[in-house]
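Reader: I would like to go through this structure and ask what stands behind each description. Please set the values against the cut-offs where a step needs them.

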Amino acid sequence: MANPKPEELARIEYNPPKTGWMDTPTVFKPGIFPYGCKPKSLETVSFPNPRSWSVKDEDWKLPENWQEIFIEGLRERVNKYRSFRLFLDICVRCGACADKCHFYIGGGDPKNMPVLRAELLRSVYRKYCTTSGKIMGKIAGARELTIDVLKEIWYYAYQCTECRRCSLFCPYGIDTAEITILARELLNLLGLNIDWIAGPVANCWLTGNHLGLQPHTIIDSFDMFINDLETATGIRVSPTFNRKGAEILLVVPSGDLFADPGTYTTMGELLLFHELGLDYTWSTFASEGGDFGFFTSNEMAKRLHNKIYEEAKRLKVKWIMGGECGHMWRVWHQYHNTWFGPVDFLEEPVSPITGTKFENTKSNKTVHICEFTADLIKHGKLNLDPSRNDNLIVTYHDSCNTSRGMGFFEEPRYIINSVCKNFYEMPPNTIREQTFCCGSGSGLNASENMENRLRGGLPRANAVKHVKEKYGVNMLACICAIDRAALVTAVDYWVPGVGVTGVHELVANALVMKGEKKRTKDLRGEPLPGMEGE
């Protein structure tokens, strides 16, 4: 369907096909799948089988022994990761997860039920890794790894944002995201990555950030931020870059250095830290908190993650503060110690403003900026005027990785309620642990798969629409760079009139700074409430 209207896209057919899932061929639909990766991206990081190929072509230009590579890779990972084998073995197909996936809710494709999406790979596992599958075949739910089966696994592995909402409802605790992300790792052995992941991975390996921004480009962006902030506040901030001996290394997602509305989040952070007189520095070499390697392979995620700690060691900082991003926090808190062990060369973070010791950061020495700011507000260290955000009626989107993945719920809400007078929650079954995904995470925020993104974003948009109609909500806040980028498109499509913001943009609007001029505009250059005539 070309450029469908919302009312057309919302007509969803949930009736299953008349044939069984193994006998129902997968049809690749335009607007649903992303483009295949470019050879240069794979060559840059020494990934297998770099070549020019297209998802639309019949021939994907695979190695001659592609089946052997995939099956041996599967066996290796089944033996290496006990949870992977367990998740493949214990599913009883109860269907508790079926209607929990945003892609199934928004699209109606039964193979996007988490149970069936996992079954695509599970059937191959049974055939080649279990005795019952080898002997009984289809009767035991096993099937041969043919080229059509491989393509089907690829098609649906890149229709999962790894949000893990399904795992919340599984009575056995099966994490289907672990199955699909390992399916991606197996596909990567054949060079079957996508451009929107492999490109950022290569950029990050070469330049330190997903966008491929060079140091001078980053500093040029900051020059624009500095000028805009001076226009708005009369204060000229003076960030430092690559400064050795600073107390704190600040690392944010590179999207916040380049694309609106993330840029306003960075501007807010600049104002906040200037007001505090914080001893911190930015790096133009480790200029990315996110880790798209996480969507490719465990080894690639480890390679990209290490750059931040190597830079912290080079600059001789005491600890690291991370910005508003989603998957960067799952990697930092849940994977780092497995890869590298505790970070002994950094100190346990202590706020230089309040003296608070952030005890949950003992091992990896990284503090979330919302933890830091909530602590400042709790101790009365910021002069805030919430009326400056009176034109905004705000709701909050729990980003999947920080909320469901980390249990990070209260700090962002505490901040928002401190800097805004009008805050309303979306329905309880759509927030906190049960939050719906933005529909574009884990490298799916391209443009060629826009229909799938919009379908995946429908459940979240429905919850936003509810609070817009009930309370007049006109701004959706979140603490993830991918969410800030993806939700702009999804919300504008499904719920026109609602904007998207980071939490620290709201903080900066409300922050009354020492020596500031009379503020008449917010960070976006729009009039503050009551200043429309100024």
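Reader: How do the residues of the lining of the largest cavity divide into nonpolar, polar and charged?

Author: The model is a predicted one. The lining of its largest cavity divides into 8 nonpolar, 7 polar and 3 charged residues. The space in the largest cavity is about 170 Å³. Of the 18 residues that line this cavity, Thr-161, Cys-400, Asn-401, Gly-441 and Ser-442 are the closest to its centre. Two or more lining residues come from each of helix H15 (327-334), helix H18 (400-403) and helix H21 (481-494).

Reader: How many cavities of 30 Å³ or more does a search of the whole structure find?

Author: The search finds 6 cavities of 30 Å³ or more.

Reader: What is the volume of the largest pocket, and what makes a space a pocket and not a cavity?

Author: The largest pocket has a volume of about 830 Å³. A cavity is a set of points where the probe fits but cannot get out, whereas a pocket is an open set. Of the 38 residues lining the largest pocket, Gly-108, Asp-109, Pro-110, Lys-111 and Tyr-156 are the closest to its centre. Helix H5 (102-107), helix H6 (114-129), H8 and helix H20 (450-471) each give at least two residues to that lining. By class, the lining of the largest pocket has 18 nonpolar, 11 polar and 9 charged residues.

Reader: Which residues of H17 meet which residues of H19?

Author: From H17, the residues are Cys-370, Glu-371, Thr-373, Ala-374, Ile-377 and Lys-378; from H19, they are Glu-411, Pro-412, Tyr-414, Ile-415 and Ser-418. The classes in this contact of H17 with H19 are 6 nonpolar, 2 polar and 3 charged residues.

Reader: At roughly what angle do the axes of H19 and H22 cross, and what is H19 called relative to H22?

Author: The axes of H19 and helix H22 (residues 503-510) cross at roughly 30° and come within 9 Å. The limit for roughly parallel is under 35 degrees, and therefore H19 is roughly parallel to H22. H19 passes H22 in a left-handed crossing.

Reader: What residues make the contact of H19 with H22, and of what classes are they?

Author: Pro-412, Ile-415, Ile-416 and Val-419 in H19 meet Val-503, Leu-506, Val-507 and Ala-510 in H22. They divide into 8 nonpolar, no polar and no charged residues.

Reader: What makes H4 roughly perpendicular to H10?

Author: The axes of helix H4 (residues 82-90) and helix H10 (residues 176-188) cross at roughly 110° and come within 10 Å. The range for roughly perpendicular is 65 to 115 degrees, so H4 counts as roughly perpendicular to H10. The crossing of H4 and H10 is left-handed. Ser-83, Phe-84, Phe-87 and Leu-88 in H4 meet Glu-178, Ile-179 and Leu-182 in H10. This contact of H4 with H10 has 5 nonpolar, 1 polar and 1 charged residues.

Reader: How do you know that the peptide bond between Asp-260 and Pro-261 is cis?

Author: Omega is about 0° for the bond that joins Asp-260 and Pro-261, a cis peptide bond. Pro-261 is placed in the loop between strand S1 (248-251) and helix H13 (262-276).

Reader: What is the phi of Arg-164, and where is Arg-164 placed?

Author: Arg-164 is not a glycine, yet its phi is positive, about 70°. Arg-164 sits in the loop between helix H8 (147-157) and helix H9 (165-169).

Reader: How far apart are Pro-63 and Gly-191 in sequence and in space?

Author: Pro-63 and Gly-191 are 128 residues apart in sequence and 9.2 Å apart in space, C-alpha to C-alpha. Pro-63 is in the loop between helix H2 (39-44) and helix H3 (66-80). Leaving aside residues up to four places away in sequence, Pro-63 touches Asn-49, Ile-69 and Leu-190.

Definitions and conventions: Residues are numbered from 1 along each chain as its sequence is written. This is a predicted model: local features need pLDDT of at least 70, side-chain atom pairs count only at pLDDT 80 or more; totals for chains, interfaces and linings use all residues. Side-chain values use heavy atoms; hydrogens and water are left out. Contact means heavy atoms within 4.5 Å. Helices (H or I, at least four residues) and strands (E, at least two) are DSSP runs, numbered from the N terminus. Ala, Val, Leu, Ile, Met, Phe, Trp, Tyr, Cys and Pro count as nonpolar, Asp, Glu, Lys and Arg as charged, and the others, Gly among them, as polar. Axes are lines fitted to C-alpha atoms, for helices over the stretch in contact, and angles run from 0 to 180 degrees between N-to-C directions. Angles under 35 degrees count as roughly parallel, over 145 as roughly antiparallel, 65 to 115 as roughly perpendicular and the rest as oblique. A crossing is left-handed if the near helix is turned anticlockwise from the far one by less than a right angle, and right-handed if clockwise. On a 1 Å grid over the protein atoms alone, a cavity is a set of points where a 1.4 Å probe fits but cannot get out, and a pocket is an open set with protein on both sides within 12 Å along at least five of seven lines; lining residues have an atom within 4 Å of a point. Grid points are joined across faces, edges and corners, and a volume is the space filled by probe spheres set on the points.
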